[in-house]
Amino acid sequence: MFILSSLKKFLPGFHLYPNSGRLNDPNGLCYFNNEFHIFYQNNPHSTLKRECYWGHYSTKDFIHYKFQGLAISPNSKRDQDGAYSGSAIICKNKLYLFYTGSVKHKGNYDYVLTGRESNTMRVESKDGIHFTNKKVIFTNKDYPSNLSLHVRDPYVFKEGQNFYMVLGARSKDNHGSYLLYSSKDLEHFKLVKNYKSKDLGYMFECPSIFILSQNKIYSFSPQGIKTESNRFKNIFSSGYAINKISKSNYIEWDLGYDFYAPQVFVDPKGRRILIGWAGLEGASYSYLEEKEGWKHCLTLPRELKLKNNKIYQQPIKEITNLYQKFKNANSYKGKRFLAKFNITKDTQVILGNSLVIKFNKNRMATHFKCNGANRPDRKYNIKINKVDIIFDTSICEIYLNNGEYVFTTRIYSSNPGVVIKGSKSKIAEIKPASFK
Ligand code: FRU
């Protein structure tokens, strides 16, 4: 049974939210048996983190979603404290899910070098819905000895005849790291690379490697990078590097308050599609839907394109099909809409009674008057010529310059709508998706 939507005023209309309880990272994105599968970290019993299962939606069109129940439960000795993040891979008509089995021992431990297990696990399915045959692929003693006990989030992909698995890690001397393994059979894995970053924090979470226009893209969520004037404003970052990882060529996926741990998959048409978690753990601000008994949602699926050494993101075509007719208008009352305009002079956008955003050609600045649940003021000095604001009830994704930058935030306005001052804009209502 889906959460009763009439009682929950913050439930989005076309962004995925948990069937019940809490959601965090998107997991196991794939196309199998003629439909897309979107799994996610889920505590079905509460909005608190504590228990981690894999929730599961399927969809044929990113508009009609079906909740398929819990795909993985933390019910074995090797994953009893959480079926943590991971990915999906198809081989010989079976869908395999790889994930991290988390175990935390009771006692006086630091849970970095002692007291924790991070097991790489695998389950399999013939129908894409029911998963069996839980197997342990690695325990901590199998990982290189320079690493702490934080090793997790397997991302498995195929290149040529070989499978590869990348795992995020924290080295014993606190550097963000990843491991790359290769395999012929998805059961035996050989270490190919043990990478340790110099200056990109103490831990990489949710790493992935994929090809975009013949370039190798490294995507990861590093923890522990200090804020700089124009980047790393969130407590934890998520970004990518093209062909080679270094701090200077690391670009954040999203500049907003609420974005983390994205996953990218390749669909049957060859599109590279990214979905992120529109949330963050440990931030100073909060998520008011918790009062309604649910917490967090995913970002829209975004198609990735490489242009001028940067990755541009745009909502996939299926989502843009939900847009209704555009009208020339500078204001709108309603909770699902897209407003778009060009920046030729100073422009102010007021979302509901809540968020004020000032744009000019060289800058974007946000200020919550209220209903931002403590999201602080934020400024980015960036060149801006075009703005698309996608608003969905309690989440807003702002695409700048056709997706050169994206800014995602949650927003809890009591009277949703928009007023745009300074630039002429076009506004369209967005139809809701269907969740069953
Ligand atoms: C990222 C993360 C992952 C982990 C999962 C647990 O948000 O911390 O590293 O697998 O969440 O829910």
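Modeller: **The ligand site**

N24, D25, Q41, K49, C52, Y84, S85, R152, D153, E205, Y260 and W277 surround the ligand, each with a heavy atom within 4 Å of it. This is a predicted model, where local features need pLDDT of at least 70, side-chain atom pairs count only at pLDDT 80 or more, and totals for chains, interfaces and linings use all residues. Residues are numbered from 1 along each chain as its sequence is written, and side-chain values use heavy atoms, with hydrogens and water left out.

The shell divides into 4 nonpolar, 3 polar and 5 charged residues. Here Ala, Val, Leu, Ile, Met, Phe, Trp, Tyr, Cys and Pro count as nonpolar, Asp, Glu, Lys and Arg as charged, and the others, Gly among them, as polar.

Now the polar side-chain atoms. One of D25 lies 2.7 Å from a ligand oxygen. For R152 the distance to a ligand oxygen is 2.8 Å. For N24 it is 3.0 Å. The ligand on its own has 320 Å² of accessible area (Shrake-Rupley method, 1.4 Å probe), and the protein covers 95% of it.

Which elements give two or more residues to the shell? They are strand 1 (21–32), strand 5 (83–91) and strand 9 (147–159). Strands are DSSP runs (E, at least two residues), numbered from the N terminus.

Conventions:
Polar contact = N/O pair within 3.5 Å; in protein donor to acceptor, adjacent residues only side chain to side chain. Helix = DSSP H or I, 4+ residues; strand = E, 2+ residues; numbered from the N terminus.
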